[in-house]
Amino acid sequence: MKYLRAFVVIGLFCLPIGLWAQAKWNARYQQYINQYKDVAIEQMQKYKIPASITLAQGLLESGAGNSTLAVKANNHFGIKCHHWTGPTIYKDDDARGECFRVYKNAFESYEDHSVFLVTGQRYRSLFSLKPTDYQGWARGLKAAGYATNPVYADKLIEIIQLYKLYQYDTARHYDKFMTERVKDKPVGGQPLHLITIFNKNYYVIARRGDTFRSIGEEIGISYKKIARYNERDKNDRLREGEIIWLKKKQRRAPKEFKHRYHQVKPGESMYSIAQAYGIRVKYLYQMNGLSPEYSIRVGDNLRLR
């Protein structure tokens, strides 16, 4: 398994359109998509706004969740106050010290963005477009005055095509666990752990100082259960970089590993290998016809499915 390493794309949105067209895939954007795609799909099913458009706008407006508004106000779409009666934050934008809405969590931001478009007179014609017409939506948003940037529509289309966000415009289902996750708030001022889906399960990467209890409190799952899912004692210390599964692990690796083997590397154990693939340890032994007393050796090839 490869883990994505985030890097900052500096000045990306200031590029001329000719250079923008050469933009490359980056990990921070993909992480944002993985985190919010299910919310975008849920919003699409509820409000008929293409999920690709919602995701592309969120990515662009929030700098993949790293803008000042996203970090301090959970405002992923740069929506200004207008007739807002909730909490606010002030920031320079088209003019100095403009008023922006503050949300309790990212989900509220996504919901309010949808309502903002659905109830806005200027956007009414967009809802007559086919749900898969992301180009029509992108250009329609620009024409309706959603953004002042002259290449706003081109940027949305570029993002959608580069990350294949159009695939979500035909989605019929979304992951409710992930949508609930977006309703969570940062704990103790720290950003929430990124949840990744693999082998029909969810995992986070442990940070320095994490415990089963702290992860459980953040995710909203009993820390005793999380420890059990990871075949550990609830009081075990966690090492930075460890994979922590949030549901019961599977009996085998995904189908794509059917004819593939894992070659044991220095420092690995049956437990660490099982964790990497989201497999319960006893089934890793069983698949390979090994007894729990067997000590694996560097170079051993282990079946995963």
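The expected span of a helix is 1.5 Å times one less than its number of residues. This is a predicted model, in which local features need pLDDT of at least 70 and side-chain atom pairs count only at pLDDT 80 or more, while totals for chains, interfaces and linings use all residues. Residues are numbered from 1 along each chain as its sequence is written, and side-chain values use heavy atoms, with hydrogens and water left out.

**View 1. Helix 2 (residues 27–47) and its ends.** Helices (H or I, at least four residues) and strands (E, at least two) are DSSP runs, numbered from the N terminus. The 21 residues of helix 2 should span 30 Å at 1.5 Å a residue, which agrees with the 29 Å between its end C-alpha atoms. Helix 2 has a kink of about 50 degrees centred on Y36; the bend at a residue is the angle between axes fitted to the seven residues ending there and the seven starting there. Of its 21 residues, 17 are buried (under 20% relative accessible area, 1.4 Å probe, protein chains only; exposed is over 50%, partly exposed in between). At the N-terminal end, N26 is the cap, with a side-chain oxygen 3.1 Å from the backbone nitrogen of R28. K48, which follows helix 2, has a positive phi near 70 degrees.

**View 2. Strand 4 (residues 201–205) with strand 3 and strand 5.** Two strands pair if DSSP finds at least two bridges between them. Strand 4 is antiparallel to strand 3 over three bridges, and three bridges also join strand 4 to strand 5, again antiparallel. I197 has Y202 as its bridge partner, and V204 stands opposite I244. Two residues separate strand 3 from strand 4 in a hairpin, where N199 in the turn has a positive phi of about 50 degrees. Four of the five residues of strand 4 are buried, so this strand is largely enclosed by the rest of the structure.

**View 3. The aromatic cluster of F198, Y203, W245, F257 and Y277.** Rings of Phe, Tyr and Trp (its six-membered ring) pair if their centres lie within 6.5 Å; planes under 30 degrees apart count as stacked, over 60 as edge-to-face and the rest as tilted. The structure holds 16 such pairs. F198 and W245 are tilted, at 6.5 Å centre to centre and 35 degrees between the planes. F198 lies in strand 3 and W245 in strand 5, so their pair ties together parts 47 residues apart in sequence. Both residues are buried.

How values were computed. A polar contact is a pair of N or O atoms within 3.5 Å; within protein, one must be able to donate a hydrogen and the other to accept it, and residues adjacent in sequence count only if both atoms are side-chain atoms.
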